[in-house]
Amino acid sequence: MELVHLENVKKDYVIGEVKVPALKGIDLSIDIGRFISFVGPSGSGKTTLLNLIGCLDKPTEGKVFITNVEINRMDRKTSAKFRGNNIGFIFQNFNLIPVLTVYENIEYPLIMVQNIPSEVRRQKIDNLLAKVGMTEQKNKYPSQLSGGQKQRVAVARALVTEPKLVLADEPTANLDHDTAYKVIGLMHDMKKEFETTFIFATHDSKIVGEAEVVYTMEDGLITKMQENKKTGETN
Ligand SMILES: Nc1ncnc2c1ncn2[C@@H]1O[C@H](COP(=O)(O)OP(=O)(O)OP(=O)(O)O)[C@@H](O)[C@H]1O
Ligand SMILES: [Mg+2]
């Protein structure tokens, strides 16, 4: 079943008098439960595309559908609610909330969008803290963490609501080899257990190697699509 569908999506950023065409016409269809990766040079439009799929921004032209809902037609409130219930984000710059602890950052989406009792929240959070290896740091604040530790908190926060779709912008860029594989393993488990769909933007060959489909972006367009047969068969 199709989860993400894009039709001739274009995005221009306008800075003063200057128009920057970041996406020049993207057509895309991604099924539920897939592990998809976007690769391409810096500035090719990967983050812009993830933001549009995640209803964080609206296209200049074209249509974006998630679960057959046209998301650019929603008002702000509806789209925030839809996002909170269906989509987990791992941002390129983490976007952790500085005044909240590690534990509270992961708890935040559970409180904001899902009315879950505190004891159930605690179990979910403790479980994920252990999986990303951050249990000992759970009472620290983001400013007290290394880049890799912040990234692991961002991963746990994105997964804690068990969203249908996870959009991950360079989720392993600051992680050492072992932690990166742990994080990828955690995502694989979620895909198997909940049919979670993962869309990555990454340069990391570890993720690219695990992806079922790899799309190459160049200058605002998808220029290549490659299916990774080996991964597809074993899953
Ligand atoms: N908020 C913005 N305002 C203006 N221009 C922007 C903005 N965000 C991105 N751009 C421009 O849009 C184009 C695509 O940027 P984008 O961030 O999507 O690339 P990217 O593929 O994610 O790059 P990277 O690999 O460096 O993260 C670039 O030319 C960039 O300069
Ligand atoms: Mg980017």
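Author: A helix here is a DSSP run of H or I with at least four residues, and helices are numbered from the N terminus. With that definition, one can say that α1 supplies the largest share of the shell around ligand 1, namely 3 residues. Please bear in mind that the model is predicted.

Reader: What makes a residue part of the surroundings of ligand 1, and how many residues surround ligand 1?

Author: A residue is near the ligand if one of its heavy atoms lies within 4 Å of it. There are 14 residues around ligand 1, and the closest are S42, G43, K46, T47 and T48. At least two residues of this shell come from each of β1 (2–15), β2 (18–31) and α1.

Reader: Which polar atoms of S42, G45 and Q92 lie close enough to ligand 1 to count as polar contacts?

Author: The criterion is a pair of N or O atoms within 3.5 Å. For S42, a polar side-chain atom is 2.6 Å from an oxygen atom of ligand 1. For G45, a polar backbone atom is 3.1 Å from an oxygen atom of the ligand. For Q92, a polar side-chain atom is 2.9 Å from a ligand oxygen. Ligand 1 has 630 Å² of accessible area on its own, of which the protein covers 64%.

Reader: How do you know that T47 and Q92 coordinate the magnesium ion?

Author: A donor must be an N, O or S atom within 2.8 Å of this metal. T47 (OG1) and Q92 (OE1) coordinate the magnesium ion (ligand 2) at 1.9 to 2.5 Å. T47 belongs to helix α1 (residues 46–53) and Q92 to the loop between β6 (87–90) and α3, so the pair ties together parts that are 45 residues apart in sequence.

Reader: Why is K11 called buried?

Author: The relative accessible area of K11 is 9%, so K11 counts as buried, the limit being under 20%. K11 is placed in strand β1. Its side chain makes a polar contact with the side chain of D57 at 3.2 Å. A polar atom of the K11 side chain also lies 2.9 Å from the backbone oxygen of K58. Beyond neighbours within four places in sequence, the contacts of K11 include V20, L23, T48, L52 and P59.

Reader: What makes N105 a buried residue, and what is in contact with N105?

Author: N105 has 1% relative accessibility and therefore counts as buried. N105 lies in helix α3 (residues 102–113), whose buried residues also include V102, Y103 and I106. Among the elements that cover the buried residues of α3 are α4 (118–131) and α5 (147–159). Apart from neighbours within four places in sequence, N105 is in contact with L96, I97, L100, P142, V153 and R157. A polar atom of the N105 side chain is 3.0 Å from the backbone oxygen of L100.

Reader: On what grounds is T196 called buried, and where does T196 lie?

Author: T196 has 0% relative accessibility, so T196 counts as buried. T196 lies in the loop between α6 (177–194) and β8 (197–201). A polar atom of its side chain is 3.3 Å from the backbone oxygen of M190. Leaving out residues up to four places away in sequence, T196 touches residues that include G33, R34, P163 and V166.

How values were computed
Residues numbered from 1 in each chain as written. Chains lettered and ligands numbered in written order. Predicted model: local features only at pLDDT ≥ 70, side-chain atom pairs only at ≥ 80, totals over all residues. Heavy atoms only, no water. Buried < 20%, exposed > 50% of the residue type's maximum accessible area, 1.4 Å probe, protein only. Polar contact = N/O pair within 3.5 Å; in protein donor to acceptor, adjacent residues only side chain to side chain. Contact = heavy atoms within 4.5 Å. Donors = N, O, S within 2.8 Å, 3.2 Å for Na, K, Ca; no water. Areas by Shrake-Rupley, 256 points an atom, 1.4 Å probe, with all protein chains shown as cover.
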